[in-house]
Amino acid sequence: MKHIVKIMVLLVAISACWIGLLQTSIIPRKHTWLLPIYFIVSLGCYGLLMVGVGLMNFPTCPQEALLLHQDIDEAKEFLKRRGVDVGSE
């Protein structure tokens, strides 16, 4: 619930700034109308950047990989006992 409130407050603040810029003539009106589009494009670029950084820093977990292989072996043994052909891997 707190996260939703933060997002709503942020959207209201951005909308208030945009409406304020529309009311004043600090930025030309033709550029002010494009600000929401610039904001959405910037947000998309930020999202892609965060995904890229997350992929570059993706942690390797050798202990978790070992546990996963043990779980796979246990599952294969369980299925073999039940008569399911799981292959020779």
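Helices here are DSSP runs of at least four residues, numbered from the N terminus. With that in hand, let's walk through this predicted model.

**Stop 1: valine 5.** Select valine 5 and you are in helix 1, which covers residues 2-23. Is valine 5 buried, exposed or in between? Its relative accessible area is 43%, so it counts as partly exposed.

**Stop 2: the annotated spans.** Next, colour residues 7-27 and 33-58, which an unreviewed UniProt entry lists under "transmembrane region". Residues 7-27 are 81% helix and 0% strand, with 26 Å between the end C-alpha atoms.

**Stop 3: a nonpolar patch.** Switch to a surface view and pick Phe39, Ile40, Leu43, Tyr46, Leu49, Met50, Val53 and Met56, which together make a nonpolar surface patch of about 820 Å². Zoom in on methionine 50, found in helix 3 (residues 35-56). With a relative accessible area of 39%, methionine 50 is partly exposed; patch members need over 30%.

**Stop 4: a negative patch.** Finally, select Asp71, Asp73, Glu74 and Glu77 to see a negative surface patch. Which helix holds aspartate 73? Aspartate 73 belongs to helix 4, residues 62-81. Aspartate 73 is partly exposed, at a relative accessible area of 46%.

Note on methods: Residues are numbered from 1 along each chain as its sequence is written. This is a predicted model: local features need pLDDT of at least 70, side-chain atom pairs count only at pLDDT 80 or more; totals for chains, interfaces and linings use all residues. Side-chain values use heavy atoms; hydrogens and water are left out. UniProt positions are given in the numbering used here, feature names are shortened, and annotations may be inferred rather than shown by experiment. Helices (H or I, at least four residues) and strands (E, at least two) are DSSP runs, numbered from the N terminus. Patches are made of residues with over 30% relative accessible area and no salt bridge: like charges are joined within 9 Å, nonpolar side chains (Val, Leu, Ile, Met, Phe, Trp, Tyr) within 5 Å. Accessible areas come from the Shrake-Rupley method with a 1.4 Å probe; for residues, only the protein chains shown count as cover. A salt bridge is a side-chain nitrogen of Lys or Arg within 4 Å of a carboxyl oxygen of Asp or Glu. Lys and Arg count as positive and Asp and Glu as negative; His and the chain ends are not counted. The place of a charge is taken as NZ of Lys, CZ of Arg, CG of Asp or CD of Glu. Buried means under 20% relative accessible area, exposed over 50%, partly exposed in between (1.4 Å probe, protein chains only).
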